[in-house]
Amino acid sequence: MEIVVLTLASLFAGFVDSIVGGGGLILVPVLFSVLPGVAPATLLGTNKSASVWGTAAATAQFHYRVGLRWRTLMPAAALAFFGSLMGAWAVTVVPGDFLRKLLPVILILLLLYTLARKDMGKHHEPRFHGRAELAATAAIGFALGVYDGFFGPGTGSFFVFLFVRWLGYDFLNAAASAKLLNVMTNLGALLLLGLKGHVLWHYGLVMAVANVAGGVIGARVAIRHGAGFVRAVFIFVVSALILKTAYDAFLR
């Protein structure tokens, strides 16, 4: 029964995560509920062992159907990977409790800004080119890589928002670019947690298959319905993140 529940949760998480991120919002609570006696670090590592494959599958779908700016994104992806390693190391020496209460406020501001700017992300009009775009994507990759390794919630949504607001991408192209960078942040965290023995591989491998299926389906749905659909899902996921992070910060 545990495998069945985790598999279904991983499938749905992969679907949501492939569009705008936020799969951890679904899968992590299920892991904590189904496996209450397991250490939190191990549950987080097991989540990463599944989500990294679903995110990679979604990235492949976006590459073949939308296209990715590989020359611009690869340096950012490398920095996202090393940033996540640095963030994962930093959490062992610096307490991250201050972020727990700050995150809901940041997410509320992000949501309000997105709702106020109804045309934001509808048109793909990149603001930077050449080295300027390379520098901007590298900064996003490294900064959110550190954040994902250090704390994590909402990383995919932050990637999408910054690609839309700062770089001028539409929501569909932002989601595609975000997937590649999110693969690398997940991989960095998984490497560190895996080396420390914080992964239940017998669960993770089964969940990975379901997550890949969800990621492929979600990416195809996003591509079919376009930027407007991705924007709507983004608003929904950020709203859910606000409720979840506010509960964790102030009520639990």
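Residues are numbered from 1 along each chain as its sequence is written, and side-chain values use heavy atoms, with hydrogens and water left out. Because the model is predicted, local features need pLDDT of at least 70 and side-chain atom pairs count only at pLDDT 80 or more, whereas totals for chains, interfaces and linings use all residues.

H3 is followed by Gly67, which has a positive phi near 95°. Within H3 lies Val52, which counts as buried at 5% relative accessibility (buried means under 20% relative accessible area, exposed over 50% and partly exposed in between, with a 1.4 Å probe and protein chains only). Leaving aside neighbours within four places in sequence, Val52 is in contact (heavy atoms within 4.5 Å) with Val183, Asn186, Leu187 and Leu190. Val52 and Ala90, by comparison, are 38 residues apart in sequence and 21 Å apart in space, C-alpha to C-alpha.

Helix H6 can be read in the same manner. The 20 residues of H6, residues 131–150, should span 28 Å at 1.5 Å a residue, and the end C-alpha atoms are 28 Å apart, which agrees. The buried residues of H6 include Glu133, Ala136, Ile140, Leu144, Gly145, Asp148 and Phe150, and just after H6, Gly152 takes a positive phi of about 110°.

Thr185 counts as buried, at 0% relative accessibility, and, with neighbours within four places in sequence left aside, Thr185 is in contact with Ala80, Ser84, Leu144, Gly145, Asp148 and Phe159. Ser177 also has its place in H8 and is buried, with a relative accessible area of 4%; under the same exclusion of neighbours within four places, Ser177 is in contact with Leu68, Leu73, Phe163 and Tyr169.

The pockets come next. On a 1 Å grid over the protein atoms alone, a pocket is an open set of points where a 1.4 Å probe fits, with protein on both sides within 12 Å along at least five of seven lines, and lining residues have an atom within 4 Å of a point. Grid points are joined across faces, edges and corners, and a volume is the space filled by probe spheres set on the points. The largest pocket has a volume of about 1300 Å³. Of the 45 residues that line the largest pocket, Val28, Leu44, Phe151, Gly152 and Pro153 are the closest to its centre. The lining of the largest pocket divides into 18 nonpolar, 18 polar and nine charged residues, where Ala, Val, Leu, Ile, Met, Phe, Trp, Tyr, Cys and Pro count as nonpolar, Asp, Glu, Lys and Arg as charged, and the others, Gly among them, as polar.

The second largest pocket has a volume of about 190 Å³. Its lining has three nonpolar, three polar and six charged residues, and includes Asp119, Lys122 and Tyr169.

The structure holds five salt bridges, a salt bridge being a side-chain nitrogen of Lys or Arg within 4 Å of a carboxyl oxygen of Asp or Glu. Asp17 forms one with Lys179, the closest N and O atoms being 3.6 Å apart; Asp17 lies in helix H1 and Lys179 in helix H8, so the pair ties together parts that are 162 residues apart in sequence. Asp17 counts as buried at 12% relative accessibility, as does Lys179 at 1%. Lys122 forms a salt bridge with Asp119, with the closest N and O atoms 3.9 Å apart; Lys122 is partly exposed, at 48% relative accessible area, and Asp119 is exposed, at 56%. Lys244 and Asp248 meet through their side chains in a salt bridge of 2.6 Å, N to O, and, being four residues apart in helix H9, the two are separated by about one helical turn. An α-helix has 3.6 residues a turn, so residues three or four places apart point the same way.

Key: The expected span of a helix is 1.5 Å times one less than its number of residues.
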